[in-house]
Amino acid sequence: MTTTTTLRPVDRVVTAHRQEEGGGFVVRRPFPTAGADHFDPFLLLDELGPVEYGPGEAIGAPQHPHRGFETVTYMLHGAMEHRDSTGGVGVIRPGAVQWMTAGSGIIHSEMPTDDMTRRGGLNHGFQIWVNLPAADKMTAPRYQGFEAEEFTRVALPGGGMLRVLAGTIAGHAGPVETSIPITYGHATLAPGDAVEWEVADGETALAHVFDGAADVSGTSARSGQLVVHERSSGVVRVSVPADGEGAEILLLGGRPIDEPIARHGPFVMNTREEIVQAVDDFNAGRLGSIPAVGSGVSRP
Ligand code: MN
């Protein structure tokens, strides 16, 4: 029996460029750029590295605020230490995810661990920003942390692997609780592997190739290319031919929020007035502060 699958049409392919962020942090960023501000509900996609740090070279993001959306950090190599104004402290290790809902406001730092700073090493990961609907923008801040083994992992016939972090791909659901329907997957395709992802009609569907080359819903894409599908219907299919080299792909899907977006640096709200309020609240210290290292903890 043969079945016919309708592929989701591709709207455009966005090629990311490597750039240095403040402090020399190397990122590869498909969006936002001048030509692609956001793909509702996704506000930003940054590939952190890959970069091989020498001893003393590792760089991070010292304390800074966020309000009105979620930051999602997924590490593949290296480690990032997180501290925040709610007292949260954690290390995001390879394969782990921190899904942080900034909501009404949080101040956090995202820094290399002491060990990474001292010894150096390979650092590679992703950070995406997911918008929140107006009704959830001022929700209490929280974060969900998951270690690599908590994610659904599906072995593919050619030797590759699909990891589902959030939502459902190929019938496999991930553990993250999201405010609106969001799908986040990571496919490692070996030659001959394919994954079919049934995206709900009308939802945004992005496939970001970050290593190798793949066929994405009938369009060829290589490392650094984000394939943006139409918000129509049909499945997203990513594959690598049997004589191909393999590929690493992030799959990102979500229900569009379709509300006005006012963004200013680390704040993403609906109106300019709400941005002014966010800046005022931050300047007045109303987003809190990160507790001093070791406070409240007795050390030997
Ligand atoms: Mn941040």
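Where is the place of Ala170? In this predicted model, in which local features need pLDDT of at least 70, side-chain atom pairs count only at pLDDT 80 or more, and totals for chains, interfaces and linings use all residues, Ala170 is placed in the loop between β15 (168-169) and β16 (172-173). Residues are numbered from 1 along each chain as its sequence is written, and side-chain values use heavy atoms, with hydrogens and water left out. Strands (E, at least two residues) and helices (H or I, at least four) are DSSP runs, numbered from the N terminus. Although Ala170 is not a glycine, its phi is positive, at about 50°. Its relative accessibility is 41%, so Ala170 counts as partly exposed; buried means under 20% relative accessible area, exposed over 50%, and partly exposed in between, with a 1.4 Å probe and protein chains only. A positive phi, near 55°, also occurs at Asp258, a residue other than glycine. Asp258 is situated in the loop between β23 (247-254) and β24 (262-264) and is exposed, with a relative accessible area of 56%.

The backbone also contains cis peptide bonds. One joins Phe31 and Pro32, with omega about 5°, and another runs from Asp40 to Pro41, with omega near 10°. Pro32 is placed in the loop between β3 and β4 (42-53), and Pro41 lies in the loop between β3 and β4 as well. Strand β3 (residues 25-31) includes Arg29, which counts as buried at 13% relative accessibility. The side chain of Arg29 makes a polar contact of 2.6 Å with the side chain of Asp46. A polar contact is a pair of N or O atoms within 3.5 Å; within protein, one must be able to donate a hydrogen and the other to accept it, and residues adjacent in sequence count only if both atoms are side-chain atoms. Not counting residues up to four places away in sequence, Arg29 touches Ala16, His17, Gln19, Glu21, Leu44, Leu45 and Asp46, where contact means heavy atoms within 4.5 Å.

A manganese ion is coordinated by His64 (NE2), His66 (NE2), His108 (NE2) and Glu110 (OE), at 2.1 to 2.4 Å. Donors are N, O and S atoms within 2.8 Å of the metal (3.2 Å for Na, K and Ca); water is not among the atoms, so sites may look incomplete. Along the chain, the donors follow the spacing H-x1-H-x41-H-x1-E. Because His66 lies in strand β5 (residues 61-66) and His108 in strand β10 (residues 106-112), this pair ties together parts that are 42 residues apart in sequence. Both His66 and His108 are buried.

Strands β7 (residues 80-84) and β8 (residues 89-92) pair in the antiparallel sense over 4 bridges, pairing being assigned if DSSP finds at least two bridges between two strands. Within this arrangement, Glu81 has Val91 of β8 as its bridge partner. The two strands, β7 and β8, form a hairpin with 4 residues between them, and Gly87 in the turn has a positive phi of about 95°.

The largest nonpolar core has 29 residues, of which Trp99 and Tyr184 touch the most other members. Apart from this core lies another, of 23 residues, including Leu162, Trp197, Val236 and Ala247. Such a core is a set of buried Ala, Val, Leu, Ile, Met, Phe, Trp, Tyr and Cys residues joined through side-chain atoms within 4.5 Å.

The structure holds 7 aromatic pairs. Rings of Phe, Tyr and Trp (its six-membered ring) pair if their centres lie within 6.5 Å; planes under 30 degrees apart count as stacked, over 60 as edge-to-face and the rest as tilted. The ring centres of Phe69 and Trp129 are 4.6 Å apart and their planes stand at 35°, so this pair is tilted. Phe69 lies in strand β6 (residues 69-77) and Trp129 in strand β11 (residues 121-131), so the pair ties together parts that are 60 residues apart in sequence. Phe69 is buried, with a relative accessible area of 0%, and Trp129 counts as buried at 10% relative accessibility. Phe146 and Phe151 form a tilted pair, 5.7 Å centre to centre with 45° between the planes. Ring pairs also link Tyr74, Trp99 and Tyr184 into a cluster.
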